[in-house]
Amino acid sequence: MPVDEGDSEDEGDAHDEWEPPLFASPHDTHKEDNKDEHDGTQDPHTPDVQEPDARHRVEQRLCDHEQPINPTKQLSNVTYRAQLDGSGTDNAYAPFASKLDWEMAQWAKLRGPSSTVFSELIYIEGLSEMISLSFKNAHEWNNIIDHELPGCPKFKQEQIIIANEAFDVYYHNIIECIKALFSNLNFANFLTVRLYHKMHTGKWWWNSQKHLDRECPGMTIIPIIISSDKTQVTLFHNKTAYPIYMTIGNIPKEIHRKVSHQVHVLLAYLPTTRLEHVTNKASHHRMLTNLYHACVGHVLAPLAAAGIDGINICHPLFACFAGDYLEQVLVTGVKTTQCPSCDVPSDELGLAAGAANYQPQDLNTLLNALSALNEGGLAFVHACAEAGIKPIIHPYWEGLPFVNIFKSITPDILHQLYQGLVKHLLAWLSDACGSAEIDARCRRLPPNHHIRHFAKGITTLSHLSGTEHNQICCFLLGIIIDIRLPNNMSSARLLRAVCDLLDFLYLAQYPCHSSETLIFLDETLNLFHDNKDIFINLSIQNSFNLPKLHLTLHYAHMIQLYGTTDNYNTEYTKHLHIDLAKDNEFTQMTTWLKCREKIFCHEKYIQDTMTKLPSVKAVTLEKLTNEYGATYFCESLAHFVVKATLPPNTTITSRQLEDRAADITHTCPGRSRPFASDSVASQFNTAFINDGTGGPLGIKGYQIGQVRVMFSIPPKALAILFPPTFWPPKHLTYVEWFTAFHAPEHNHGLRKVSLSIILVSNIHRSAHLILQFGSTAPREWSSADVLDKCPTFFVNLYLDRHSFVTLR
């Protein structure tokens, strides 16, 4: 029976590209007046184009009610300033004597060498005086950071005794961490207190509130989200680190996904001993499991009393656990190849929801088995075996209020989908379609700033991160369209299976769900199960008994419990490993982290008064033609000037337009530097162009264009080109237009376009075109010129979530 392979490491970017602009289109200022133009009804002139009404309603609800949060908004720093010594002075960098002192200390602590090397540097005779540093060695600026910058909760070190052996655990006081997050002024405007959105739109919050109100009416819940992820630090000595992270559900997900905001607190470092002296395999596994639960239980122990008694008017409650499959098995105590949420048999993991026979795990059965510990070791082991769990002595969640650990295991987009199912899918497609052909198609994809170009293909890559799997998903369907299968087998079911799995992946990451979209989520998963046997027919897979595939059946239910998946995404903490899981002794790491957190906090305080100015470079008309491919730039600009300066309700013939445009072209100022533009690389992305009738969602009123130049007209040229009574838009765009959309293809749902040229200046958002390769990718095509050589294209709906909603 196949089992999921171990998850590879991932730098875990917060995936900000998932979020489209949540505000309405700038060309939709009279949305109410034109409501009937883009309300999802079908255009009589395009009968084959269908709008996904239900999904659009959810997306529109997001546009209307969830305006984007600006986390850089100026916030009050009175409390922080009051904690600074010398804050009464005009020095914005206090307690540092000057800007140079602050920047030198910031560099040395975050990016510089060791303290010893830094001290040796500034010991160089005359250097400190030459650059006017107020401190003479690393000890002096460390003293400023330690004693004069406001602090954060300190690390503690204690020993945990397991089987008469002592292990060190380093941890923060969890109550102090909760207070620090809940009282952080950067989050003060965004904390949710019994409002109906974000995480507490889920049933867990309200059910817990009902239980709590019976004892303490009117109190506010602070949902505690715990995550752990054992990671390898070095290959040479096979050294590992085991960090535990914590955050609270009151902070909105818009801030959660930005790692730089330090929303996730490093709660503890767990021991990473291998217990090499324990030779019995079963005893070895049991001891490691009990060590994990003993350490985490010690760290979370204050939650037992605080959850009932509260902190002021707030009650911190353990809400959910985020981690990969192995961590989920470890936390719940179930055995490997079993589901941590239900009792499905191991040989039914690959079945669809209607075919599999399962019920939620029974917490009472588990607790009864754990209570057998008082009856002796042998009786305890037998009771746990009958309950189907590992013999864990006091799991860490046992004494926490209102906890059902089987309902606390959240969906894991990173490890279950990107590092799990997508990883398997790539291997299956490589076997089915051939590595050489897949790589050849990857090399010929047109560039786009949203999509990474894999110049050597994707089949030979190893140790892919979640970010790289995400980038591959953006074009995966496009590179297998029309591909030839063994024995000339039809590719229709293969395309539908890939399309269904990608649909599920994108739907699972919606930032806003309704009952309708959750039905879509389950339906797309069922469609994948209907078509997945194509891989068995191709002799690629024998069965689909993969725990990560089965766990997708629980996604809709877990979203109803805890809100959308971006409330508890393991990608957020994965990126923290870069800084927080290094090859250092834990004593050194905890000291360094304390200084680092203070530096970050003070940096935000200083940035409140700082501004940044953009830079601008000029591009000549000759360069626009030769390097940007804007062959008809002057003529197109002349046409724009003529049309823009016409009096209202004035008609003009094509001949008159050409005559007036010729006159304007001859009056353009000198060609050395007439127009300003940033210098960019030779990459011209495609975009959705609004013809003036397009709404914020759907494709009606849009066409695809290739952006060649984005520019603004210098003030000196405005007086020559336009009359004094007319002031043109500040930013203009030169594009080459593709023809209108055709009906989507049946098997993969992508829309076909062909080529023509026109001037437009109304870009809505980025678009990506997939090539119609045919059965074999033409070897003379390359990524740089494929938009000019390929005659027909498909519009890629998997570029990002907003494209998916718009085009699907």
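## Close-up views of a predicted model

**View 1. The surroundings of Phe535.** Apart from its neighbours within four places in sequence, Phe535 is in contact with Leu425, Trp428, Leu429, Leu494, Ala497, Ile540, Gln541 and Phe544. Here, contact means heavy atoms within 4.5 Å. A word on what you are looking at: this is a predicted model, in which local features need pLDDT of at least 70 and side-chain atom pairs count only at pLDDT 80 or more, while totals for chains, interfaces and linings use all residues. Residues are numbered from 1 along each chain as its sequence is written, and side-chain values use heavy atoms, with hydrogens and water left out.

**View 2. Two separate nonpolar cores.** A nonpolar core is a set of buried Ala, Val, Leu, Ile, Met, Phe, Trp, Tyr and Cys residues joined through side-chain atoms within 4.5 Å. Buried stands for under 20% relative accessible area, exposed for over 50%, and partly exposed for what lies in between (1.4 Å probe, protein chains only). The largest core has 97 residues, and Phe475 and Phe535 have the most contacts inside it. Helix 18 (residues 492-508) gives the most to this core, with 12 residues. Helices (H or I, at least four residues) and strands (E, at least two) are DSSP runs, numbered from the N terminus. A second, separate core has 67 residues, including Cys177, Cys295, Val296 and Cys384.

**View 3. Helix 15 meets helix 16.** Helix 15 (residues 413-433) and helix 16 (residues 435-443) pack with their axes 6 Å apart, at an angle of about 110°. That makes helix 15 roughly perpendicular to helix 16. Axes are lines fitted to C-alpha atoms, for helices over the stretch in contact, and angles run from 0 to 180 degrees between N-to-C directions. Angles under 35 degrees count as roughly parallel, over 145 as roughly antiparallel, 65 to 115 as roughly perpendicular and the rest as oblique. Look for Leu429, Ser430 and Cys433 of helix 15, which meet Ser435, Glu437 and Ile438 of helix 16. By class, this contact has 3 nonpolar, 2 polar and 1 charged residues. For these classes, Ala, Val, Leu, Ile, Met, Phe, Trp, Tyr, Cys and Pro count as nonpolar, Asp, Glu, Lys and Arg as charged, and the others, Gly among them, as polar.

**View 4. Helix 10 meets helix 11.** The axes of helix 10 (residues 281-300) and helix 11 (residues 302-309) come within 5 Å and cross at roughly 40°. That makes helix 10 oblique to helix 11. His298, Val299 and Leu300 in helix 10 touch Pro302, Leu303 and Ala304 in helix 11. The contact divides into 5 nonpolar residues, 1 polar and no charged.

View 5. In helix 12 (residues 325-332), 7 of the 8 residues are buried. They are Tyr325, Glu327, Gln328, Val329, Leu330, Val331 and Thr332. Among the elements that cover them are strand 3 (220-228), helix 10, strand 8 (314-322), helix 13 (363-370), helix 15 and helix 21 (547-551). Strand 8 is itself mostly covered, with 9 of its 9 residues buried. Strand 3 and strand 8 run parallel and are joined by 8 bridges; two strands pair if DSSP finds at least two bridges between them. In strand 8, His315 is the bridge partner of Ile221.

View 6. The strands follow the order 13-12-11-15, with antiparallel pairing. Strand 13 (732-737) and strand 15 (763-767) stand at the edges, each with a single partner strand, so one side of each has no neighbour in the sheet. Direction ignored, neighbouring strands here are turned by 50° against each other on average. Strand 12 (residues 702-711) and strand 13 pair over 6 bridges in the antiparallel sense. Gly705 stands opposite Trp737 in strand 13.

View 7. Ala94 and Pro95 are joined by a cis peptide bond, with omega about 10°. Pro95 is in the loop between helix 2 (78-82) and helix 3 (99-110). Asn164, in the loop between strand 1 (155-162) and strand 2 (165-172), has a positive phi of about 65° although it is not a glycine. Asn164 is exposed, with a relative accessible area of 81%. Leu275, in the loop between strand 7 (265-269) and helix 10, also has a positive phi, near 50°. Leu275 is buried, at 2% relative accessibility.
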